[in-house]
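Work through the exercises below with the model open. Each task is followed by its solution in steps.

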Amino acid sequence: MMNQSLIELFSEKAVAVGAEVISCTSIAEAATFVAGKVDGPLLVPTFPSGCRSGLETVLRDAGLDVLNAFSSETAGRADGGLTGTNFAIADTGSLVLESTAEDIRLATTLPPKQFALLDPAKIVADGLAAVDPMRRLHQRDARNYIAYITGPSRTADIERVLTIGVHGPKELFILLVPGFSSDFLEM
Amino acid sequence: MNKQRSKDYRKQIDQALATPKLQDALHKFGDAFLVSREKAFGGLDFEQLRGRIAEMKTGVREHHGELMEQFIANAEAAGAIVYQARDAADANRYIADLARRKKATLGVKSKSMVSEEIHLNKALEKAGTRALETDLGEWIVQLAGQRPSHMVMPAIHMFKEEVAELFSKETGRQEPAEIEHLVEVARRQLRESYFQAEIGITGANVAIAETGGIALVTNEGNARLASTLPKVHVALIGIEKLVPTLEDAARVVQILPKNATGQLLTSYVTWIRGAVPCGDEEKELHFVLLDNGRSSLAESTQCRDALNCIRCGACANVCPVYQTVGGHVFGHIYIGAIGIILTAFYHGLDNAAELVKACIGCRSCVSVCPANIDLEEIILHLRETVGDEEGIGAGKALVFRKVMQNRKLFHTMIKAASMLQKPVTRGERTIRHLPLFFSPLTEWRTLPAIADTALRDAFKAKAQQVEKPRYRVALFGGCANDFLYPELGLDLIEVMNALDVEVFYPQEQNCCGIPAIYSGEKETAVELAKQNIDAMLAGHPDYVLTTCPTCAMALKHNFVEHLKDNPAWAKKAEKLSSITVDAASFVLNQLDGAGIFADLAEKEKITYHDSCHLKRGVGVWQEPRRLIKESGHDLVEMDHADRCCGFGGSYSLTSHPDISRKILADKVHDIEASGATCVAMDCPGCMMQIRGGLEKAEVPVRAQHTIELLAAALRNKPTEK
Ligand code: SF4
């Protein structure tokens with residue numbers, strides 16, 4: 001599949017499960033979008049593509065209250081969490097986040113709003129195509145906590161009515177930023 | 001037989017039948033499930049996918065030792081502490097000891113059926129650790145002091161008002177019964193507990209030998225919190241969850257949500273390997289690998305496919321019995337079809353005995369199972385085991401062994417019964433009322449009277465004019481065609497003759513043996529198989545035709561199974577199997593005969609009911625529809641055309657008439673709603689049930705066998721000359 005059609009399929013599927021997909025031309029544009037959504041502290045754990053691009057500064061410049069070192073208690077009070085993405089899966093609209101570092105997990109489980117920066121060059125067709133990078137992640141690191149994230153947290157446990165945001169994030173924003181990171185093994 | 005247990009179970013059924021609200025919810029759920037499931041699999045080949053899962057899982061079973069070693073070595077290398085628990089008590093002891101060592105006062109749990117299986121919460125409670133369920137459904141059920149009624153949706157039996165009441169007690173406020181609000185209440189109430197808990201407990205959907213890690217397939221996000229915040233993470237893993245590679249895991253993850261909830265993927269799939277960072281330390285990760293009957297299940301050649309299950313819960317979703325009585329009645333801890341089997345192995349045959357009998361045998365579960373498990377066949381095998389262990393009841397055993405195995409005696413008794421019924425039939429073909437304690441049988445459907453002249457006798461008088469027959473075929477009538485609906489057999493002869501086929505009726509044929517199997521009486525079934533093979537092959541027919549799909553299944557499938565280890569018989573059974581065809585398929589596929597009926601029928605609005613054993617047993621559903629349409633009728637589809645009618649042989653007559661009655665009522669409703677004036681089918685058993693239901697409910701729709709419709713069409717043919 002051509003990358004463009006992978007992007008389209010990915011976006012379609014992600015939107016279908018309640019995520020919002022935003023195409024950005026730069027990190028600054030993404031930061032402006034985030035600033036418009038977040039009301040309170042934003043957790044931004046350290047991750048390679050973020051460091052490389054000076055993400056933290058860009059976010060602060062956009063007026064965001066950025067926390068990059070935080071305890072679980074602090075994380076529990078934040079309004080949003082922002083991370084990069086290792087890669088994404090088109091046919092289910094899923095993000096893959098290597099979350100072994102604890103602050104990545106805290107930033108993506110506790111706050112009600114989750115933001116993920118994704119370089120659209122890093123989209124594979126389906127779950128089976130995801131195995132190759134998954135295997136490489138397992139080979140690279142001795143221990144892993146890898147998350148496939150597909151839309152916000154949901155439940156249908158009361159009368160089968162689909163309801164968003166039970167324990168995890170209530171909103172998921174996927175920010176497509178070309179040229180942000182082309183390495184599937186890095187966030 | 002355990003009379004008290006059966007009596008208690010009957011009481012439970014009665015209670016469930018008295019809650020129409022639950023039935024209604026489960027019916028709607030079943031409908032919605034099929035729609036979303038179909039959408040989720042759009043563009044994918046389900047048969048191929050499930051074939052792969054079955055193959056992979058079977059391979060795992062065969063190489064379990066090595067793969068388990070690999071898994072454990074990799075898990076330990078990554079810092080996990082692995083414990084292999086023999087049984088429930090062993091696993092509970094390990095986890096409770098751990099909780100004591102950690103001085104844990106609170107354990108947060110994400111959903112785990114295995115923890116339900118071993119009653120982990122109770123064991124923890126005794127160790128002084130409160131086990132808090134954080135999955136919304138599990139929490140609701142825990143607050144209510146109940147157990148899950150569905151493996152994927154634990155609280156599916158509850159309504160928002162009940163949930164609001166439970167939550168109000170928790171919060172001390174009056175919580176309105178609005179779902180969104182209630183979900184928010186759960187979020188707020190449970191959030192703190194992740195921070196307080198010393199231990200997080202999860203299950204695992206797969207354990208991957210290649211990596212030594214597990215994957216959790218979840219929606220709510222609670223498993224992520226439970227495996228992140230507390231210092232200790234215990235994953236309780238049934239040893240059948242093992243898969244060799246990441247590709248295999250990906251395949252399970254691909255099919256599971258689609259078949260469980262109709263989602264392409266759940267919100268979260270969490271892959272955990274080893275002791276990951278937690279605060280300033282490393283997480284203490286324990287993998288508790290539970291056997292608890294799984295190894296003995298692996299040793300049972302008849303049942304071990306059940307280990308291929310990936311716990312999607314679909315076998316319950318589509319089950320008419322589950323939809324009628326719910327998971328608390330049609331389940332022990334594990335529910336639905338797979339629940340019956342797992343209960344037998346994990347919780348003992350005694351706990352499974354009533355469930356084994358409550359299955360109606362419609363095979364709807366088999367058609368949706370993503371692991372391609374023949375659940376019905378395993379359940380029948382267990383029924384036989386229960387029959388062997390407990391006896392099937394002296395009266396029943398007498399009928400099967402002494403009467404049915406002796407064809408002449410059996411048929412003489414049927415004829416005697418046809419005389420005895422005279423006072424209640426009042427000369428009519430159906431019985432609307434029966435006296436005394438038999439009366440409940442005709443309360444909700446009429447029953448057909450035994451015909452004055454059985455097909456086997458009527459046959460002799462039927463003249464056949466086929467000058468140069470293309471084929472000579474033997475008709476296997478089956479009890480219903482033979483003794484209740486002989487006219488159906490005569491119609492078949494007319495249809496065949498018109499297609500230049502000559503029919504003969506081997507007089508030595510006996511009952512196909514399925515009723516015996518369904519009652520757990522294998523010995524009789526094997527004896528009947530032999531009698532029938534000899535009888536049917538004796539005249540060297542080109543084909544053997546059936547008008548009853550249950551008989552077709554017996555001849556095509558069961559006889560071969562029964563006799564496969566008997567070299568003298570196996571070949572003959574194979575031969576009979578290879579030439580047995582249901583009548584409608586024969587007309588279409590072997591004879592290419594649809595043309596002779598073209599537009600002969602007096603056009604009528606007809607709807608078609610798929611018999612369970614024809615569609616899911618023999619794989620035939622298009623053929624009869626084509627014949628009906630080509631003969632000039634207007635075919636309209638009813639809703640749930642392939643849902644069971646509730647007959648199930650003795651199921652509706654003796655073992656579970658109440659459930660049968662409800663399932664029939666659903667069918668009658670769908671038939672009526674279709675607007676047809678006639679419902680066609682290819683099974684005399686369904687005919688008996690559906691005709692009886694329509695008559696009693698005074699719904700003016702006829703129930704006819706497809707062959708009868710074809711014969712009627714032929715009679716409209718202008719006579720040549
Ligand atoms: S037996 Fe098949 S349908 Fe039933 S839960 Fe297991 S995998 Fe799903």
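**Exercise 1: Salt bridges**

Arg61(B) and Asp305(B) form a salt bridge, with the closest N and O atoms 3.7 Å apart. The model is predicted: local features need pLDDT of at least 70, side-chain atom pairs count only at pLDDT 80 or more, and totals for chains, interfaces and linings use all residues. Residues are numbered from 1 along each chain as its sequence is written, chains are lettered from A and ligands numbered from 1 in the order in which they are written, and side-chain values use heavy atoms, leaving out hydrogens and water.

Solution. 
- Apply the rule: a side-chain nitrogen of Lys or Arg within 4 Å of a carboxyl oxygen of Asp or Glu.
- Over all chains, the search finds 49 salt bridges.

**Exercise 2: The interface**

Task: How many salt bridges does the rule find across the interface of chain A and chain B?

Solution. 
- Collect the contact residues (heavy atoms within 4.5 Å). Chain A gives 49 residues and chain B gives 67 residues.
- Apply the salt-bridge rule: 5 cross the interface of chain A and chain B.
- Inspect Arg135(A) and Glu210(B), which form a salt bridge; their closest N and O atoms are 2.5 Å apart.

**Exercise 3: Strand pairing**

Task: Which strand of chain B is joined to β9(A)?

Solution. 
- Take strands as DSSP runs (E, at least two residues), numbered from the N terminus.
- Require at least two DSSP bridges for a pair.
- Count: 6 bridges join β9(A) to β9 (residues 268-273) of chain B.
- Read the direction: the strands run antiparallel.
- Check one position: Tyr148(A) stands opposite Val269(B).

**Exercise 4: The ligand shell**

Task: How do the residues of the shell around the ligand divide?

Solution. 
- Select residues with a heavy atom within 4 Å of the ligand. Among them are Met151(B), Cys309(B), Arg311(B) and Gly313(B).
- Classify: Ala, Val, Leu, Ile, Met, Phe, Trp, Tyr, Cys and Pro are nonpolar, Asp, Glu, Lys and Arg charged, the others, including Gly, polar.
- The shell divides into 10 nonpolar, 1 polar and 1 charged.

Conventions
Helices (H or I, at least four residues) and strands (E, at least two) are DSSP runs, numbered from the N terminus.
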